[in-house]
Amino acid sequence: MDISQIALNQGQAFLAWATGIMILVVGIFLTRLLIDLSTLAKNLNETSVMVNTELKPTIEEVKKTLESVNSIIQNTNNGVDNFKNIVEKTFGRTKAVTESIFGGLIKGFITTYKIFSKK
């Protein structure tokens, strides 16, 4: 064999070894990445379970609070409606009395004016 053939064989052997080492290094890093991703997925699952357990009571408390606030608002609305009805009835009666008094005063002034205007 001549020297060029030997150099070519050595180059191919080096390339094969270098490729094998690179594949081994990449495989190790991929394995480490998969292990880290698995750990991350487990931590995310635990976190979501913890958040779910902690949020359920909080959401129930918020729901009860909103129901209480809604009840207070409805009671206040009913009270305002009752007050409005009372005021309307009171002013309605007062208006009727005022109109009759005012009408009586006008009739009295007209009668008085007629009496004095005849003389």
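Here are some friendly notes on the model shown above, point by point.

1. Start with what kind of model this is. The structure is predicted, so please read the values below as computed from that model. The chain has one helix and zero strands. That helix is H1, and it covers residues 3-118.

2. Next, look at the overall shape. Along its principal axes, the C-alpha trace spans about 160 × 35 × 10 Å.

3. Ser-38 and Thr-111 are 73 residues apart in sequence, and their C-alpha atoms are 105 Å apart in space. For Ile-28 and Gly-79, the separation is 51 residues in sequence and 75 Å from C-alpha to C-alpha.

4. How much of the chain is buried? Of its 119 residues, 0% count as buried. The accessible surface of the chain comes to about 11100 Å², and carbon and sulfur atoms account for 69% of that surface.

5. Seven names belong on your list here: Val-26, Leu-30, Leu-33, Leu-34, Leu-37, Leu-40 and Leu-44 together make a patch of about 670 Å². Leu-30, one of these residues, sits in helix H1. With a relative accessible area of 48%, Leu-30 is partly exposed, because exposed requires over 50%.

6. Which residue forms a salt bridge with Asp-36? The partner is Arg-32, and the closest N and O atoms of the pair are 3.7 Å apart. This counts as a salt bridge because the cut-off is within 4 Å. Side chains of opposite charge can pair when their charged atoms come close. Both Asp-36 and Arg-32 lie in helix H1, four residues apart, which is about one turn of the helix. Asp-36 has 38% relative accessibility, so this residue counts as partly exposed. A search of the whole structure finds one salt bridge.

7. Finally, consider the charges across the chain. There are 13 positive and 10 negative charges.

Technical notes: Residues numbered from 1 in each chain as written. Predicted model: local features only at pLDDT ≥ 70, side-chain atom pairs only at ≥ 80, totals over all residues. Heavy atoms only, no water. Salt bridge = Lys/Arg side-chain N within 4 Å of Asp/Glu carboxyl O. Helix = DSSP H or I, 4+ residues; strand = E, 2+ residues; numbered from the N terminus. Buried < 20%, exposed > 50% of the residue type's maximum accessible area, 1.4 Å probe, protein only. Patch = residues over 30% accessible without salt bridge, like charges linked within 9 Å, V, L, I, M, F, W, Y side chains within 5 Å. Areas by Shrake-Rupley, 256 points an atom, 1.4 Å probe, with all protein chains shown as cover. Lys, Arg positive; Asp, Glu negative; His and termini not counted. Charge placed at Lys NZ, Arg CZ, Asp CG, Glu CD.
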